[in-house]
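Please walk through this structure with the sequence and the model side by side. The tour starts at one residue, moves on to other sites, and then takes in the whole protein.

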Amino acid sequence: MLIDIVNQYDSEKKQYLKELRTKVILQLSTQQDHKKIVTFLSKAWIINIEDVEKKIYVGFANDFMLSNAKKIFNKSLKESIQTVYNPQYTVEYIVYPPFSNGSDLLIDLWELLNIKQKKGKNNDQIPNSIKNELYDYFWILFDPSFRFDNFIAWSNNQFAYSAAKAVADNPWNAYNPFFIYWNVGLGKTHLMQAIWNEIIQNNPDKVIIYLPATKLVDEIVWALQHNKMSTLMRKFEDVDALLIDDIQFLAWKDKTQEIFHNIFNDFQSKKKQIIISSDRPPKELTQIEPRLKTRFAYGLVADIQAPDYETRIAILQSKLEIKQESIEPELLGIIAQNITSNVRELEWALNTLLTRKKLSWKDTLSEDDVYACLQTLWYSARHTTIWNPNDRNWKSKKNFDTIVEMVANYYSISVAELKSDSRKKEITTARQILMLIAKKYFRRTQQKIWMYFGWKEHATVIYAIRNIEKKLKSDEDIQHDYQIFTERVEQ
Ligand code: ADP
Ligand code: MG
């Protein structure tokens with residue numbers, strides 16, 4: 001059981017440690033690049049001072065941060081702490097996971113450097129553009145679990161893996177642009193961030209930006225509305241390598257595409273690296289301008305297929321190893337037989353099973369436990385119907401009520417809430433998704449849908465379906481959930 005000791009300190013002690021940290025950062029900032037400080041120390045804190053042993057403990061959110069801080073700052077961090085506090089004390093670095101979601105620390109450091117900048121004490125300032133990027137995307141950038149060494153390469157993702165590794169090891173000279181694509185849950189984000197991590201570690205002086213395409217759209221829309229387009233473009237000029245995740249979300253966004261086209265051309269002409277991920281190959285990005293699509297395919301395009309059975313078992317086993325847990329091979333087999341096309345869901349199933357094991361204090365799990373977990377994840381493992389997408393009269397043989405239950409389960413809400421007139425966001429979304437499923441897969445008429453949900457007005461069904469169809473085009477989470485649900489309906 002992990003205890004967040006820092007949280008248990010009284011406010012005076014917390015304040016004291018915080019001030020100490022501030023002093024250390026200011027001390028360090030006289031010798032070290034500010035960009036590096038923001039990047040590598042935002043999730044570090046002084047955790048405790050032991051007067052008997054004469055030790056100062058510094059906690060880092062994870063191993064990745066700790067080893068980077070060691071590498072990048074070398075002795076200067078320890079020396080800054082000793083200078084500020086007491087040279088007779090030794091400094092110890094430890095991993096302190098409660099800081100892993102320490103966004104407060106980030107803001108705190110951010111403000112600190114801002115104040116310093118306002119006071120004009122320092123000539124070696126971080127350009128605003130970089131600060132903004134780091135501030136906005138820091139939490140995305142540092143997911144330490146997305147690395148090459150824990151990405152499992154199987155026969156039909158070997159090519160993508162090797163190409164990604166080549167780009168990461170030798171950016172600007174390997175493949176440019178580099179375009180990877182495959183279905184949801186098969187490791188795009190993992191691989192993109194692994195590339196990012198690798199490049200930044202080998203090139204700490206370069207600006208490497210990872211941006212989900214939705215974030216890029218937001219940036220551009222905001223800049224257009226506030227007349228800040230030239231500032232935004234300047235921001236991109238500082239960037240040496242740009243990784244855009246899920247480019248399919250630029251679909252329908254004509255203005256954004258036009259601007260991205262300019263950014264893209266500029267990067268190409270300056271030989272700056274661009275890496276793009278997508279859920280489909282360039283030519284199938286139907287709502288994206290042809291001139292942009294053809295450019296995506298200029299460099300190297302790498303795709304991947306879902307893992308085969310043996311690989312799925314290997315994935316499950318490697319995830320267990322990371323967690324230092326074990327589960328009987330027969331039971332892993334059931335999971336791997338049922339979840340065939342999505343690594344994220346393999347992980348979910350495994351985690352659900354492990355939680356079940358912990359909560360029930362069982363030493364061994366049974367097949368029934370596995371099926372129960374699969375069912376909460378929507379896999380009706382024991383029976384299947386054949387889905388024939390070409391048959392226009394196909395209708396799911398499942399009972400709509402069971403689908404409703406499963407959706408409710410998935411979002412942790414009750415069926416009664418789903419059928420109520422609650423306007424809470426997660427309930428509305430779940431309800432709208434169900435209406436779309438009722439229409440598409442159960443061929444229910446609007447009237448039947450409206451009666452099922454016990455509504456007085458008929459028009460709301462049309463509105464709800466239209467609304468969810470629109471959201472499906474732009475919201476990655478909804479798209480993901482919808483895909484999971486429909487896969488189950490189709491099974
Ligand atoms: P995508 O972005 O394609 O939807 P993610 O990169 O988010 O998928 O992957 C979903 C989950 O599955 C993540 O937790 C990721 O670590 C894991 N995962 C996917 N592919 C692999 C792989 N080849 N090896 C190890 N873990 C993987
Ligand atoms: Mg992703």
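**A guided tour of the model**

Gln-479 has its place in helix 23, which covers residues 476–490. Keep in mind that this is a predicted model. How exposed is Gln-479? Its relative accessibility is 24%, so Gln-479 counts as partly exposed. The cut-offs matter here: buried means under 20%, and exposed means over 50%. Residues up to four places away in sequence aside, Gln-479 touches Phe-249, Leu-472 and Lys-473. Ile-433 sits 46 residues from Gln-479 along the chain. The C-alpha atoms of these two are separated by 9.9 Å.

Now take another glutamine. Gln-273 is found in strand 7, residues 273–278. Is Gln-273 buried or exposed? Its relative accessibility is 0%, so Gln-273 counts as buried. Its contacts, not counting residues up to four places away in sequence, include Val-167, Pro-171, Trp-172 and Tyr-175. Asp-240, Ala-241, Leu-242 and Phe-267 are also among them. Leu-243 is 30 residues from Gln-273 in sequence. In space, the two are 8.3 Å apart, C-alpha to C-alpha.

Next comes a loop. Asn-157 lies in the loop between helix 7 (128–141) and helix 8 (158–169). Asn-157 has a relative accessible area of 0%, so this residue is buried. What does its side chain reach? The side chain of Asn-157 comes to 2.6 Å from the backbone nitrogen of Trp-154. Leaving aside neighbours within four places in sequence, Asn-157 is in contact with Phe-151, Ile-152 and Ile-304.

Ile-152 leads on to the ligand. A backbone N or O atom of Ile-152 lies 2.8 Å from a nitrogen atom of ligand 1. Gly-185 also takes part: one of its backbone N or O atoms is 2.7 Å from an oxygen atom of the ligand. A polar backbone atom of Leu-186 is 3.4 Å from an oxygen atom of ligand 1. How much of the ligand does the protein bury? Taken alone, ligand 1 exposes 560 Å², and the protein buries 94% of that. Helix 9 (188–202) and helix 16 (343–360) are the elements that give two or more residues to the shell.

Look at that shell as a whole. Ligand 1 is surrounded by 18 residues. The closest are Gly-185, Thr-189, His-190, Lys-319 and Glu-347. By type, the shell divides into seven nonpolar, seven polar and four charged residues.

Helix 15 spans residues 329–338 and is mostly covered, with seven of its 10 residues buried. Those buried are Leu-331, Leu-332, Gly-333, Ile-334, Ile-335, Ala-336 and Asn-338. What do they pack against? The buried residues of helix 15 pack against helix 14 (309–323), helix 16 and helix 17 (367–376).

Finally, step back to the whole protein. Its secondary structure comes to 23 helices and eight strands. Buried residues make up 49% of its 491 residues. The protein exposes about 24,400 Å², and carbon and sulfur atoms supply 49% of that area. Consider contacts between residues at least 6 apart in sequence: 73% of them join residues at least 24 apart.

Technical notes
Residues are numbered from 1 along each chain as its sequence is written. Chains are lettered from A and ligands numbered from 1 in the order in which they are written. This is a predicted model: local features need pLDDT of at least 70, side-chain atom pairs count only at pLDDT 80 or more; totals for chains, interfaces and linings use all residues. Side-chain values use heavy atoms; hydrogens and water are left out. A residue is near a molecule or strand if one of its heavy atoms lies within 4 Å of it. A polar contact is a pair of N or O atoms within 3.5 Å; within protein, one must be able to donate a hydrogen and the other to accept it, and residues adjacent in sequence count only if both atoms are side-chain atoms. Accessible areas come from the Shrake-Rupley method with a 1.4 Å probe; for residues, only the protein chains shown count as cover. Helices (H or I, at least four residues) and strands (E, at least two) are DSSP runs, numbered from the N terminus. Ala, Val, Leu, Ile, Met, Phe, Trp, Tyr, Cys and Pro count as nonpolar, Asp, Glu, Lys and Arg as charged, and the others, Gly among them, as polar. Buried means under 20% relative accessible area, exposed over 50%, partly exposed in between (1.4 Å probe, protein chains only). Contact means heavy atoms within 4.5 Å.
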